[in-house]
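Dear colleague,

I am passing on the structure we spoke about, and I would be glad if you could look through it alongside the notes in this message.

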Amino acid sequence: MLLLEAGRSQDTGKILHSMEWPYDHPRRGKMPPEYHALTNEYTIRQSPYAQNSPYKNVQSYVQSWGGTDYTKTLVVNEKEHPYTGTRYAWVRARAVGGKTNIWGRLALRLSDYDFKAKDRDGFGENWPISYADIEPYYDKVDLYLGVSGHPENLPYLPDSKFQRPVKLNYAEMHLRETLKGMGRVLTPYRAGVTTDGLKHNKYRSRCYGRGACSRHVGGCDIHAAFDSPTGLIRPAMDTGNLTLRTNATVYEVTVDKNTGKAAGVSFLDSETRKSYQAKGKTVILAASTLESARLLLLSKSSAHPNGIGNSSGHVGHNFCEHVMGPSVAGFMKDLVAKPRTLDDGRPGGFYLARFRNLDKRSDFLRGYGFEGGSGTGMIPGPAYTTPGFGEEYKKHVRDYAGATVSMGAFGEVLARYENYVGIDPKVKDAFGIPVLRFSYRFGENERKMAADMAVAAREMFEAAKFEVVSTSDEMLPEGWSIHEMGTARMGSDPKTSVVNQFQQSHDVKNLLVVDGSTHVSASCQNPTWTIMALCWRSCDHLAELLKKGEV
Amino acid sequence: MDRREVLKLAGGAFACLQLPAAEPGAPLFFTAAEFALLDKLTELIIPADGHSPGAHEAGVAAYIDRTVAEAYVPDEKTSWRKGLAAIQRLLKESGDQPAAVLTKLAASEKDPKTEAEKFFTQLKETTAFAYYSSSLGIHQEMGYLGNVLLPEFKGYEAN
């Protein structure tokens, strides 16, 4: 096996400094002055957002959070990696392990409410698999990588093989009890974090509740949170069967002229810019949803004039994700001015499972869930939301920090053919590779859903007798959730889908795509665990085919 | 950790020194008069009270001075200089009543319009970050208990 990675290998165990106090860092954890993170540029400018920026290194919006100096080498410089078209906040990491080095850790399963959603509401396409097909692979991923959570026995949010759950604090427990009365389920954050440890993986520690995941952009320097370098790649290399080639920017899947099959890939050395060829019996793309689509579209040949694997014309289309932004923040009166408690020593607060369109129908399709939590982190949230100044302000921040409760929604964006990415005919990246052009917008369903999210959020806080300080019904720019999916969807009909249920190209049998691009619909549940379960299933199938000589 | 803070804490529990504990000299970017105004304004925003010292002791002005001094884009520097000048003008008009000036500016902090109003929101946000990320802010003022190796989170088991 040869694994090609566009970025460098970076040891997050060394660069993240998860426990460094801000005052021990010369810039309190912030990036050097020549670095800049995009924020409102997505709204006030046209892409490419970093074009003509006076800064040397421009990074996506996640780098405007805390501790950004530690993650600045993991995410791309937008100046080298432009894209064009409609508004989109695209977050990309180029390093071994990619975005798994800094992901949000929420490890959820999908259910037949997602896989067979068309049967329920008539929209879009069903997945070519059902929950029963993927369930054993979710189990394997859980046991191999570790996931923490509390079983709830919900048909629309199936339980995992959980390790020790994250505990709830007082306000969260109170909200859980309140929501029970409304038939809704708030459960401890289902974190892709090993809380009990993993005997079979010497690279990963159990979680020690240091609270670092919420202080920084993301990442875990003891690898209690799953990241693919320590969770998957190093163990795979230890088998002796895997070669890792870093700094390998793949720009084309090459084709065997005689058979029309994939012959390998062409790549540039990211540093020397020299061109290389890698040959293989099978080619598996896992470059992330949008980069995999870009690669398929770039790989044009006489056998595949629309790009390899694209006889259906669906590559780049049916692009979907999660809409976020609507949120509520407030505080629990009982907790105001109480002695300080340790609130952030865990990989997450809570997850509130979807409740719309399960039995009754709303005026929009599909569902949304909330992520949230209560209490204070190292830097108190009310420091930025408390009005005024002086002694009163200072006391308010001190007294209310531990009493805060907030949550934000993540909702399913419908997979629609008319939302797509294609290749820009003119603009190229720093390597001379044509870039993606976005043609992607939220639609009416997302707008209706967002309005409902804000109303429901307030209702639930009011039911819990929380004092609501603010609500928002505003959708953040497209892309904000970093959950892009759907640009090479699975299906049984080669005319309307790109890959089959084993993520194998309908057109080119020895070409697989194993990232979020194959998801048929976005669900409202985070995609990471499903990406891995599907990949495992597809690789098992591929191994069978290779044994039988059927690739 | 900035130099002023280092001096305060040297020998204390948080003496993780990165910069030499030298006597602080002239500000790196601001003039002495600008720095004195900045120091005064930040202390007004987060003052010493019965609970803990304020922005002055936490070295907030020195942190801002250092940040602005190394800013890469000239606009980031001039905005601070212009903002302080705008406040200085208001101070003069008010007969040197800084608390009254800030009260007026804070009244429109949700939707700042004038240069001074916009500068106030920037100053307040930066002061808050600099104060609450300082050793004094994290430990003494907030009594933050985290960033430790925690065998078990104290909380409630979902049932």
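The notes below take up confidence, then the sheets of chain A, and then a helix of chain B.

Please keep in mind that this is a predicted model, for which the predictor gives the complex an ipTM of 0.94 and a pTM of 0.94. Chain B has a mean pLDDT of 87, with 85% of its residues reaching 70 or more. Where pLDDT is low, the predicted coordinates should not be read in detail.

In chain A, one open sheet consists of three strands in the order β7-β8-β9, and its pairing is antiparallel. Strands β7 and β9 (275–279) of chain A stand at its edges with a single partner strand each, so that one side of each has no neighbour in the sheet. Between neighbouring strands of this sheet the average turn is 30 degrees, direction ignored. Strand β7(A), residues 248–255, is joined to strand β8(A), residues 262–269, by seven bridges in the antiparallel sense. Within this pair, Ala248(A) has Asp269(A) of β8(A) as its bridge partner, while Val250(A) stands opposite Phe267(A). The two strands β7(A) and β8(A) form a hairpin with six residues between them, and Gly260(A), which lies in the turn, has a positive phi of about 75 degrees.

A second open sheet of chain A also has three strands, here in the order β4-β16-β15 and with mixed pairing. Its edge strands are β4(A), residues 84–85, and β15(A), residues 420–428, each of which pairs on one side only. Strand β15(A) runs antiparallel to β16(A), residues 434–439, and five bridges join the two; in one of the pairings, Tyr420(A) has Ser439(A) of β16(A) as its bridge partner. Helix α9(A), residues 289–298, lies across β15(A) and β16(A), and runs at about 65 degrees to β15(A).

Elsewhere in chain A, Arg45(A) is found in the loop between α2 (41–44) and β3 (57–59). Arg45(A) counts as partly exposed because it has 15 C-beta neighbours inside 10 Å, a count that falls between the 12 or fewer of an exposed residue and the 20 or more of a buried one. Arg45(A) is 321 residues from Arg366(A) in sequence, and their C-alpha atoms are 32 Å apart in space.

In chain B, helix α6(B), residues 115–132, has 18 residues and reaches 26 Å from its first C-alpha to its last, close to the 26 Å expected at 1.5 Å a residue. The buried residues of α6(B) include Phe119(B), Phe120(B), Leu123(B), Phe129(B), Tyr131(B) and Tyr132(B). What covers the buried residues of α6(B) includes α10 (382–385) of chain A, together with α2 (32–45), α3 (60–69), α4 (74–94), α5 (98–106) and α7 (135–141) of chain B. Of these helices, α4(B) packs against α6(B) at an angle of about 115 degrees, with the axes 9 Å apart, and the crossing is left-handed. The contact is made by Lys82(B), Gly83(B), Ala86(B), Ile87(B) and Leu90(B) from α4(B), and by Glu115(B), Ala116(B), Phe119(B), Gln122(B) and Leu123(B) from α6(B).

Note on methods: Residues numbered from 1 in each chain as written. Chains lettered and ligands numbered in written order. Predicted model: local features only at pLDDT ≥ 70, side-chain atom pairs only at ≥ 80, totals over all residues. Pairing = 2+ DSSP bridges. Helix = DSSP H or I, 4+ residues; strand = E, 2+ residues; numbered from the N terminus. Contact = placed C-beta atoms within 7 Å. Axes fitted to C-alpha atoms, helices over the stretch in contact; angles between N-to-C directions. pLDDT = per-residue confidence, 0-100. Expected span 1.5 Å × (residues − 1). Left-handed = near helix turned anticlockwise from the far one by under 90°.
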